[in-house]
Amino acid sequence: MKKCPGCGREYPDEFSVCAVDGQTLQSVTAPPVAAPGPAPGQYYQTRKLLTYVAPLRAGLVLAVLYAFFGLIFAPFFILIALIGKQTGGGFPAALGGVIGAIFFPVVYGIAGFLGGLIGAAVYNLVARWTGGLEFEFRDAPQRPVY
Ligand SMILES: [Zn+2]
């Protein structure tokens with residue numbers, strides 16, 4: 001590719017003079033095409049390895065998450081409690097419903113905590129042997145925050 005030093009217009013290589021202002025064209029070397037991936041010995045700048053997950057934090061996050069999932073059952077148990085009360089089931093039925101509504105979020109929370117704790121500990125061990133999961137990160141395009 002060639003370029004006119006006067007007006008900046010670009011021409012194919014076979015041209016030698018600018019058609020507009022008659023100046024001698026100068027050849028321009030095309031910018032090198034970026035090679036895909038890093039050169040040998042270089043790092044992928046956008047790749048990250050997940051080498052460690054904090055077990056306690058993972059347990060805490062999953063405990064809260066699963067406690068919320070456990071809440072899904074609460075309306076059913078409250079319904080059972082209300083029906084029990086209306087059909088004369090009396091105190092035991094109502095109590096059973098309330099206990100059920102509390103029981104599931106608590107049990108799910110405990111299970112989530114243990115799952116997160118143990119899962120993270122096991123992952124950390126496996127990551128040490130294998131290098132861990134590899135992620136690719138890109139800058140997100142600018143847009144309104146939501
Ligand atoms: Zn020109």
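Does A19 count as buried or exposed, and why? A19 counts as exposed because 11 C-beta neighbours lie inside 10 Å. On this scale a residue is buried if 20 or more other C-beta atoms lie within 10 Å of its own, exposed if 12 or fewer, and partly exposed in between, with C-beta atoms placed from the backbone.

## Model and confidence

This is a predicted model, in which local features need pLDDT of at least 70, side-chain atom pairs count only at pLDDT 80 or more, and totals for chains, interfaces and linings use all residues. Residues are numbered from 1 along each chain as its sequence is written.

The chain has a mean pLDDT of 85, with 88% of its residues at 70 or more; pLDDT is the predictor's confidence in each residue, from 0 to 100. Among the elements of the chain, α1 has the highest mean pLDDT (95), and helix α2 (residues 74–86) has the lowest (77). Where pLDDT is low, the predicted coordinates should not be read in detail.

## Overall architecture

Three helices and five strands make up the elements of the chain. Helices (H or I, at least four residues) and strands (E, at least two) are DSSP runs, numbered from the N terminus. Along the sequence, these elements follow the pattern β-β-β-β-α-α-α-β.

Of the 146 residues, 12% count as buried. Among contacts between residues at least 6 apart in sequence, 59% join residues at least 24 apart; a contact requires C-beta atoms, placed from the backbone, within 7 Å.

Three strands form an open sheet in the order β2-β1-β3, with antiparallel pairing. Two strands pair if DSSP finds at least two bridges between them. The edge strands, each pairing on one side only, are β2 (10–11) and β3 (26–27). Strand β1 (residues 2–3) pairs with β3 over two bridges in the antiparallel sense, and K2 has S27 in β3 as its bridge partner.

The loop between β2 and β3 contains A19. The C-alpha atoms of A19 and R9 are separated by 9.4 Å, the two residues being 10 apart along the chain.

## The nonpolar core

The largest nonpolar core comprises eight residues: A58, L62, A63, Y66, F104, Y108, F113 and A120. The elements that contribute two or more residues to this core are α1 (55–70) and α3 (90–130). Such a core is a set of buried Ala, Val, Leu, Ile, Met, Phe, Trp, Tyr and Cys residues joined through C-beta atoms within 7 Å.

Not counting residues up to four places away in sequence, F113 touches G59, L62 and A63.

Note on methods. Contact = placed C-beta atoms within 7 Å.
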